[in-house]
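Subject: Model for your set

Hello,

Please read the notes with the structure open.

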Amino acid sequence: MNVPFQKELENASSPINTATGIPNWFYISEDALEAEKKKLFSENWAGLGFAKDVPEPGDVKPVSFLGDPYAIVHGKDGVIRVFHNACRHRGVRLVREAGKTTGLLRCPYHAWCYSTEGKLKQTPHIGGPGIHEHKDIDKSKLGLIEVRSHVFRDVVFINLSGDAKPFEEMFASVIERWKEFNQPLHHGGEGSSFKLEVKTNWKLAMENFCEAYHLPFVHPGLNEVSKLEDHENILSKDTWSGQLTKAFRMFTDDDGRTFDSFKDLSSRWDSEAEYIAFYPNVQLGVHKDHAFALIIEPQTAGQALEHVEIYYSSTEMVNEDWKPMRDSLADFWKSVFIEDVSIVEAMQMGRHASGFDGGHFSPVMDEATHHFHGWVASQHLNLK
Ligand code: FES
Ligand SMILES: [Fe+2]
């Protein structure tokens with residue numbers, strides 16, 4: 001198959017000193033987004049939603065992603081699964097709102113019923129009035145269609161194609177890097193959850209997260225406490241990249257209170273925090289006293305929705321007493337992310353300049369961004 005802009009994509013994945021960025025078409029064309037949906041969002045692990053939205057067995061949540069309806073279902077067996085949100089009979093969208101299922105998931109059209117594990121349980125009148133079975137309908141073959149999924153740091157990732165490497169293998173190096181943080185996350189509740197609509201291509205939101213280069217210019221307030229020279233790129237050979245700061249300080253309120261830390265962390269995390277982009281569309285941050293997760297949901301070629309969630313180390317940190325301080329921390333992050341919005345929107349505008357060649361990278365400051373470009377290019381070039 002002919003790949004549009006093959007030469008330019010090859011340039012994007014060449015060494016950073018000579019590379020040019022991915023060309024404009026991939027940022028402004030709906031055809032490019034459609035190609036990305038079929039390729040890099042399907043064949044990798046994409047962020048779909050958050051496990052905290054289905055905290056207990058029986059909880060369900062419908063989610064739409066790249067135009068497809070899904071249902072995230074916390075089975076009564078304790079397992080969180082993702083299904084294509086369509087009844088196996090005539091395709092009605094099954095889960096219509098978030099909530100708790102006490103019995104079965106019941107289709108509103110002809111009342112076929114499914115267990116929360118996705119098994120088809122009841123097919124009323126399928127063999128005629130009052131006859132609920134038919135010899136040609138094998139219920140065991142007509143369960144809800146499951147999408148391969150994996151929960152990591154509360155993010156529900158999906159691999160639509162079903163044949164990506166296991167999540168633990170694809171992200172083995174970062175899972176190892178963050179193994180000290182492998183402990184329960186407690187969502188901060190209302191106020192620790194917000195969304196930002198951004199008029200930009202989803203890739204620009206990811207690229208912006210990869211770098212600290214813009215810190216002094218876009219985040220002057222943040223730069224006062226965590227300066228450009230306190231940051232380093234984090235590179236991998238894998239499907240992630242990011243940045244770290246060596247000037248992390250615990251969030252403190254006016255009375256000098258700080259949030260409890262995650263348990264048994266090494267002293268490194270007293271002064272460091274890390275921000276890693278999990279390709280294609282998830283951004284995670286870890287700090288000694290809190291964590292955040294972002295899913296970048298592409299809506300059109302030039303529009304994305306950022307879903308932001310903030311987490312703490314214990315149930316106490318998420319009780320009412322700590323809410324004002326949690327809200328202050330959420331406000332802090334919101335203001336930082338909003339500072340980024342106008343700049344990623346301006347990058348999107350620049351992508352309409354037909355003479356723009358995709359851009360050039362600082363061989364020192366843009367390594368993590370260049371790594372992302374190389375990955376996206378290799379996906380479009382159908383390289384594994
Ligand atoms: S479409 Fe669901 S039962 Fe008919
Ligand atoms: Fe930023």
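The C-alpha centres of domain 1 and domain 2 lie 32 Å apart. Domain 1 covers 6-45 + 166-380 and domain 2 covers 50-159; these bounds come from an automatic or database domain assignment. The contact between the two takes 16 residues from domain 1 and 11 residues from domain 2, where contact requires C-beta atoms, placed from the backbone, within 7 Å.

On the side of domain 1 that touches domain 2, strand 16 (282-286), strand 17 (291-300) and strand 18 (303-312) each give two or more residues. The largest share, 5 residues, comes from strand 17. By class, that side has 11 nonpolar, 2 polar and 3 charged residues (Ala, Val, Leu, Ile, Met, Phe, Trp, Tyr, Cys and Pro count as nonpolar, Asp, Glu, Lys and Arg as charged, the others, Gly among them, as polar).

This is a predicted model: local features need pLDDT of at least 70 and side-chain atom pairs pLDDT 80 or more, while totals for chains, interfaces and linings use all residues. Residues are numbered from 1 along each chain as its sequence is written, and chains are lettered from A and ligands numbered from 1 in the order in which they are written.

Now the sheet. Its 7 strands form an open sheet in the order 1-10-9-4-3-2-5, paired antiparallel. Strands are DSSP runs (E, at least two residues) numbered from the N terminus, and two of them pair if DSSP finds at least two bridges between them. Strand 1 (46-50) and strand 5 (99-100) are at the edges with a single partner strand each, so one side of each has no neighbour in the sheet. Strand 1 pairs with strand 10 (residues 155-159) over 4 bridges, in the antiparallel sense. Within strand 10, Phe 157 stands opposite Gly 47.

Regards
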